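Colleague: I would like to learn how to read a model of this kind, going through it one feature at a time. Could we begin with a helix and then turn to the sheets?

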Amino acid sequence: MTQEEFIPLPYPNTVVEGVVKWKSPSNIALVKYWGKKENQIPANPSISFTLNACATTTKVSYKKLNAKGTDFSFDLFFEGKPKEGFKPKIETFLTRIEEYLPFLKNYHFTIETSNSFPHSSGIASSASAMSALALCFMSLEKELNPDMTADYFKNKASFLARLGSGSACRSIEGTLVQWGKHKNTSGSTNLYGIKYPNKVHPIFKNYHDTILLVDKGQKQVSSTVGHNLMHNHPYAAQRFAQAHKNLDELETVFKEGNLKRFIEIVESEALTLHAMMMTSMPYFILIKPNTLEIINKIWEFRAITKLNICFTLDAGANIHILYPESEKEQVYQFIKDKLVVYCENEQYLCDRIGVGAKQIKVKSEK
Ligand code: PMV
């Protein structure tokens, strides 16, 4: 689909008020998105596991205004309390998506949102938050235009989520989602995430992700700044080419269930992401001493046991430990015995690969 196809024709229906609610998960990239062009167009394609437990639930109540407003009209509640601090981000998001949802200034919205994971756990909530909000707006658009197809609904939800936070476009569906044009993945596009179209071996079913919370503090450098530092980065061209090559290789890895090669690609991607941060100008480091302690322990444990445990990182110090269902007992025991001591307040989250966002039924509150 093209960008223009997301600009709707006049809606057949009128809707005065209602409530919609979605629960949308986070995701963890295997091939990382790092670097972007204008309008959240990725500099390279990426692929992620959709998660299951780490999620944002968002309820949007809408009421038609007597006349279209000049500004957006909304109240925002986070975990039950008004949250003025989040409003500018939502305002920016609404401004970016208004062209595609021309009804936005016709309504007053009450947005109530909460996360399944603890606040300030260092877990990026933008992917789950932006995808949940995009889905709520799509549910309203579906009421205005009930003929909308299911494909249009999910593609446009992903397209809108991308305009909120790039990686959010990979949180609509499961279990593996690719975003970004890659010549060997059919249907891939820079505009929205697609369900991975190629064969996936059953070893990847129920794959686990245990997230070790190494540092729960505020990141010193935001992803927006990090992405921008890929402009004029000395290794940018090689990095973007590497992402395409890794996606090519992953096609065979996913088909054959080659975990040895999976581990090499996933860990190399994580370290390359952080290497890009360390070699940008200005340079910065987001990992912490305990991140490295954990990585070394994982490598030691893997060498001894030959189990298929591996790690990945997002733009922070926390570690995602990935392992197959068949090895969950031994790996989980190892995490509890040897790794949890490196976590802030011994905190970690147990998650696994998930199927994507879910709509939650709500009684219309009139
Ligand atoms: O969606 P953003 O702009 O917060 O960027 C996320 C970037 C990484 O998490 C580091 C990698 C990825 O592909 O999710």
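Modeller: Let us begin with the buried residues of helix α5, which are Ala236, Arg239, Phe240, Ala243, Asn246, Leu247, Leu250, Val253 and Phe254. Please keep in mind throughout that this is a predicted model.

Colleague: What covers the buried residues of α5?

Modeller: The cover includes the strands β1 (17-31), β4 (46-64) and β8 (176-179), together with the helix α6 (259-278).

Colleague: How many residues does α5 have, and what span does it reach from its first C-alpha to its last?

Modeller: Helix α5 covers residues 236-256, which makes 21 residues, and its span of 31 Å is close to the 30 Å expected at 1.5 Å a residue. A span of that kind should be read together with the local bend, and here α5 has a kink of about 25 degrees centred on Glu249. Just after the helix comes Gly257, whose phi is positive, at about 70 degrees.

Colleague: Which residues does Thr272 contact, leaving aside its neighbours within four places in sequence?

Modeller: Thr272 belongs to helix α6, and with those neighbours set aside it is in contact with Arg239 and Gln242. Thr272 and Arg239 are 33 residues apart in sequence, while their C-alpha atoms are 8.0 Å apart in space. A polar atom of the Thr272 side chain also lies 2.6 Å from the backbone oxygen of Ser268.

Colleague: Why does Thr272 count as buried?

Modeller: Buried means under 20% relative accessible area, and Thr272 counts as buried because its relative accessibility is 13%.

Colleague: Now to the sheets: how do the strands of a sheet pair?

Modeller: In general, strands of a sheet pair through backbone hydrogen bonds, and the pairing is either parallel or antiparallel.

Colleague: What is the order of the strands in the open sheet of four strands?

Modeller: The order is β11-β12-β10-β13, and the pairing is antiparallel. Because β11 (310-313) and β13 (348-352) stand at the edges and each has a single partner strand, one side of each is left without a neighbour in the sheet. Neighbouring strands in this sheet are turned against each other by 25 degrees on average, with direction ignored.

Colleague: Which strands does helix α7 lie across?

Modeller: Helix α7 (residues 289-305) lies across β10, β11 and β12 (319-323), and it runs at about 155 degrees to β11. Helix α8 (residues 328-339) packs on the sheet as well, touching β10, β12 and β13, and its direction makes about 155 degrees with that of β12.

Colleague: Is Thr210 buried or exposed?

Modeller: Thr210, which is in strand β10, is buried, with a relative accessible area of 0%. Its side chain makes a polar contact of 2.6 Å with the side chain of Tyr323. Leaving aside neighbours within four places in sequence, the residues in contact with Thr210 include Ile319, His320, Ile321, Ile335, Tyr348 and Cys350.

Note on methods:
Residues are numbered from 1 along each chain as its sequence is written. This is a predicted model: local features need pLDDT of at least 70, side-chain atom pairs count only at pLDDT 80 or more; totals for chains, interfaces and linings use all residues. Side-chain values use heavy atoms; hydrogens and water are left out. Two strands pair if DSSP finds at least two bridges between them. Helices (H or I, at least four residues) and strands (E, at least two) are DSSP runs, numbered from the N terminus. Axes are lines fitted to C-alpha atoms, for helices over the stretch in contact, and angles run from 0 to 180 degrees between N-to-C directions. Contact means heavy atoms within 4.5 Å. The expected span of a helix is 1.5 Å times one less than its number of residues. The bend at a residue is the angle between axes fitted to the seven residues ending there and the seven starting there. Buried means under 20% relative accessible area, exposed over 50%, partly exposed in between (1.4 Å probe, protein chains only). A polar contact is a pair of N or O atoms within 3.5 Å; within protein, one must be able to donate a hydrogen and the other to accept it, and residues adjacent in sequence count only if both atoms are side-chain atoms.
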